[in-house]
Amino acid sequence: MLRSRHTHDHACEHGHPPGDVLKVAEARCAERKLKLTPIRREVLQHLAASPSPMGAYDLIEKMHRESGRRPAPISVYRVLDFLLEAGLAHRIESRNAFVACAHRHDGGDLVVFMICDSCGCVSEASGAPVQQDLSAIARAAGFSPATQVVEMFGRCAHCGDGDKA
């Protein structure tokens, strides 16, 4: 697997166009012999186009407004589970919401999320150096983590610039 070291914004100025996210999704699904069904594609497109993380019910409402049909919550949660397992989306734990991802993460890679308190954008960075420290701390305590999530809150560069006079 390709190890990526990257920083990118999901919602700010450097977000991924939905087309880029879909190209990565199609390639990843083809390599893993997974199906990118129409509803999976639609949910991923909405996540990629969103200016901030979206919850399942936000997705349902967006789909209802655009297509007139209202998918069952269980269907949307299944799609989100698929996207997470395929590495095509991330869950922002503190917001119980999701963002699309066009990068190729290994399953155990730690990703650090920086969440702007002002505009809600989510920036993502590789957490490889932090992951080594967290693993050492856990080992020393005899703890076996199932998941590791790092979320930081503050102001993004765009919103921070607005405070400078």
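This is a short walk through one predicted protein chain.

Let me start with confidence. The model is predicted. The average pLDDT over the chain is 85. Of the residues, 84% score at least 70. One stretch to treat separately is residues 1–11. There, pLDDT stays under 50. The model still gives that stretch 43 contacts beyond four places in sequence.

Now the overall layout. We have six helices and six strands. Along the sequence, the order reads β-α-α-α-α-β-β-β-β-α-β-α. The chain has 165 residues, and 42% of them are buried. Its accessible surface is about 9300 Å². Carbon and sulfur atoms account for 53% of that surface. What about sequence separation? Take the contacts between residues at least 6 apart in sequence; 57% of those join residues at least 24 apart.

Next, helix H1, residues 18–31. Alanine 25 sits in this helix. Its relative accessibility is 0%, so alanine 25 counts as buried. Which residues touch alanine 25, leaving aside neighbours within four places in sequence? They are Leu36, Leu44 and Leu88. Leu44 is itself one of the buried residues of H2. Alanine 25 and histidine 103 are 78 residues apart along the chain, yet their C-alpha atoms are separated by 9.6 Å.

Alanine 102 and glycine 19 are 83 residues apart in sequence. C-alpha to C-alpha, they are 9.9 Å apart. Where is alanine 102? In the loop between strand S3, 97–100, and strand S4, 111–116. Is alanine 102 buried or exposed? Buried, because its relative accessible area is 15% and the cut-off is under 20%.

On to H2, residues 38–49. First, a geometry check. The 12 residues of H2 should span 16 Å at 1.5 Å a residue. The end C-alpha atoms are 16 Å apart, so the two values agree. The buried residues of H2 are Glu42, Val43, Leu44, His46, Leu47 and Ala48. What does glutamate 42 contact, leaving aside neighbours within four places in sequence? Met63 and Arg69.

Now H4, residues 73–85. Same kind of check. Its 13 residues should span 18 Å at 1.5 Å a residue, and the end C-alpha atoms are 18 Å apart, which agrees. Which residues of H4 are buried? Val76, Val79, Leu80, Phe82 and Leu83. Looking down the axis of H4, these buried residues fall within an arc of 160°, so they line one face of the helix. The face turned away from the buried side carries exposed residues, Arg78 and Glu85. After H4 comes glycine 87, with a positive phi near 75°.

That brings me to backbone angles. Most residues other than glycine have a negative phi. Two residues here go the other way. Lysine 33 is not a glycine, and its phi is positive, about 55°. Lysine 33 is in the loop between H1 and H2. At 75% relative accessibility, lysine 33 counts as exposed. Then asparagine 96. Again not a glycine, asparagine 96 has a positive phi of about 50°. Asparagine 96 sits in the loop between strand S2, 89–92, and S3. Its relative accessibility is 41%, so asparagine 96 counts as partly exposed.

Last topic, the cysteines. Cysteine 156 is buried, with a relative accessible area of 12%. Cysteine 29 is also buried, at 2% relative accessibility.

To recap, briefly. The model is predicted, with an average pLDDT of 85, but pLDDT is under 50 over residues 1–11. The buried residues of H4 line one face. Lysine 33 has a positive phi, and so does asparagine 96.

Definitions and conventions. Residues are numbered from 1 along each chain as its sequence is written. This is a predicted model: local features need pLDDT of at least 70, side-chain atom pairs count only at pLDDT 80 or more; totals for chains, interfaces and linings use all residues. Side-chain values use heavy atoms; hydrogens and water are left out. Helices (H or I, at least four residues) and strands (E, at least two) are DSSP runs, numbered from the N terminus. Buried means under 20% relative accessible area, exposed over 50%, partly exposed in between (1.4 Å probe, protein chains only). pLDDT is the predictor's confidence in each residue, from 0 to 100. Contact means heavy atoms within 4.5 Å. The expected span of a helix is 1.5 Å times one less than its number of residues. The arc is that of the directions from the helix axis to the C-beta atoms. Accessible areas come from the Shrake-Rupley method with a 1.4 Å probe; for residues, only the protein chains shown count as cover.
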